[in-house]
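I opened this notebook to keep a record of what I looked up, entry by entry. The sequence and the structure come next, and my notes follow them.

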Amino acid sequence: MFKNPTPRQIAIFISIIIALSINVLLMILKLMGILEISIEMGMLIALFSFIIAFFISNLLIKRFIYRRIKLIYKNIHRFKLSKKDKFTATDVTDTILDDVEKEVEEWVTGQEQEIQNLKSLEAYRRNFLGNISHELKTPIFSIQGYIHTLLDGGLHDDNINVNYLQRAAKNTERLQVIIEDLDAISKLESGELILEIQSFDIKQLVYDVFEELEMMAQEQQVHLQFKEGAERNFIVRADKEAIRQVLVNLISNSIKYGKKGGRTKISFYDMDTNILVEVADNGIGMPEEHLPHVFDRFYRVDKSRSRAQGGSGLGLSIVKHIIEAHQQTINVRSTPELGSTFGFTLAKG
């Protein structure tokens, strides 16, 4: 009869049914000769039946059903309110049945979404703990092996003692890199890292990073250069040291995974209020299915080669956090055997 009836409407409906039923019963008794009653008396009895049924059914519905619906509605409604609004009174009237179905559906959907989010966070936490355990275990076991070999007599063997000490030192450096990167990403995620925004020449900063990575590039036989048309100098506003870290990570990655005799090109594009910086190489590239995950912690496209190249596996994740801390964006496009291009934006100075 009604899509979302109020208690009064339900009571009226029930009362009509009862009154009609009593009236029909009286008519049947009259036709059977069991009861002699006039039409006026029958209508009067039906009217009184309706009134009595209405008051009783309305009372029972409100007392035993509607009151409980009100309580459920209030709880759901208060769960959905902000902390500030929770201290204000909830307006609950006879019309709440019009909205309670929608409210319950929204609440259930919200709870399901929250459960899914919690499950995702739990899976992420397990994966993170597994990844960090694996990353730390490798250098620790290596250091342990080298030291035990030296203690078992290798220390007095000139053929291995210095070599093993150097290898152990190299693994301690890798441990230090992992710990420092974990500390950096923790500060970025918690907002503890305060950006020191200033205006500077982004092209000059790239020059400085080129000089810093020059030996590494020469060892890998990768040529560092600016793309044709990138002669202009652009002033940007950002944390200079944080952006230096971004450039060092991206350019060093392009060198590590570049081809012998290959190149890394830096280009700048004027994007109205922002400057787009791109770091492109003609290295090994990545399959498309890996691209959505390259900024995840400890994600490695080629695990064996990545660990052989060193690093913590957190570099690109730190890069993404730094750029997002500047309220800017970073993206990647790549093709296997053709190379990769990382692009990020910075506000103009």
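This is a predicted model: local features need pLDDT of at least 70, side-chain atom pairs count only at pLDDT 80 or more; totals for chains, interfaces and linings use all residues.

**Entry 1: helix H4**

I then checked the length of H4 itself, which runs over residues 161-190. At 1.5 Å a residue, its 30 residues should span 44 Å, and the C-alpha atoms at its ends are 44 Å apart, so the expectation and the model agree.

Which residues of H4 are buried? I found Asn161, Ala168, Asn171, Arg174, Leu175, Ile178, Asp181, Leu182, Ile185 and Leu188.

**Entry 2: H4 against H9**

Before going on, I reminded myself that two packed helices are described by the angle between their axes and the distance between the axes. For H4 and H9 I noted an angle of about 25°, with the axes 10 Å apart. Angles under 35 degrees count as roughly parallel, and H4 and H9 are therefore roughly parallel to each other. Their crossing is left-handed.

I looked up who meets whom: Asp181, Ala184, Ile185, Leu188 and Glu189 come from H4, while Ser317, Ile318, His321 and Ile322 come from H9. Sorted by class, this contact of H4 with H9 holds five nonpolar, two polar and two charged residues. Among the H4 residues in it are Asp181, Ile185 and Leu188, which I had already listed as buried.

**Entry 3: H7 against H9**

I next turned to helix H7, residues 240-256, which packs against H9, residues 315-325, at an angle of about 145°, with the axes 9 Å apart. The crossing of H7 and H9 is left-handed. From H7 the contact takes Ala242, Ile243, Gln245, Val246, Asn249, Leu250 and Asn253, and from H9 it takes Gly315, Leu316, Ile318, Val319, Ile322 and Ile323. I count nine nonpolar and four polar residues in this contact, and no charged ones.

**Entry 4: phenylalanine 268**

My last entry concerns phenylalanine 268, which lies in strand E4, residues 263-271. Is phenylalanine 268 buried or exposed? Its relative accessibility is 6%, and because buried means under 20%, phenylalanine 268 counts as buried.

Leaving out residues up to four places away in sequence, phenylalanine 268 touches Ile202, Lys203, Val206, Phe226, Ala230, Arg232, Phe234, Ile275, Leu276 and Val277. I also noted lysine 227, which is 41 residues from phenylalanine 268 in sequence and 8.4 Å from it in space, C-alpha to C-alpha.

Conventions. Residues are numbered from 1 along each chain as its sequence is written. Side-chain values use heavy atoms; hydrogens and water are left out. Axes are lines fitted to C-alpha atoms, for helices over the stretch in contact, and angles run from 0 to 180 degrees between N-to-C directions. Helices (H or I, at least four residues) and strands (E, at least two) are DSSP runs, numbered from the N terminus. A crossing is left-handed if the near helix is turned anticlockwise from the far one by less than a right angle, and right-handed if clockwise. Contact means heavy atoms within 4.5 Å. Ala, Val, Leu, Ile, Met, Phe, Trp, Tyr, Cys and Pro count as nonpolar, Asp, Glu, Lys and Arg as charged, and the others, Gly among them, as polar. Buried means under 20% relative accessible area, exposed over 50%, partly exposed in between (1.4 Å probe, protein chains only). Angles under 35 degrees count as roughly parallel, over 145 as roughly antiparallel, 65 to 115 as roughly perpendicular and the rest as oblique. The expected span of a helix is 1.5 Å times one less than its number of residues.
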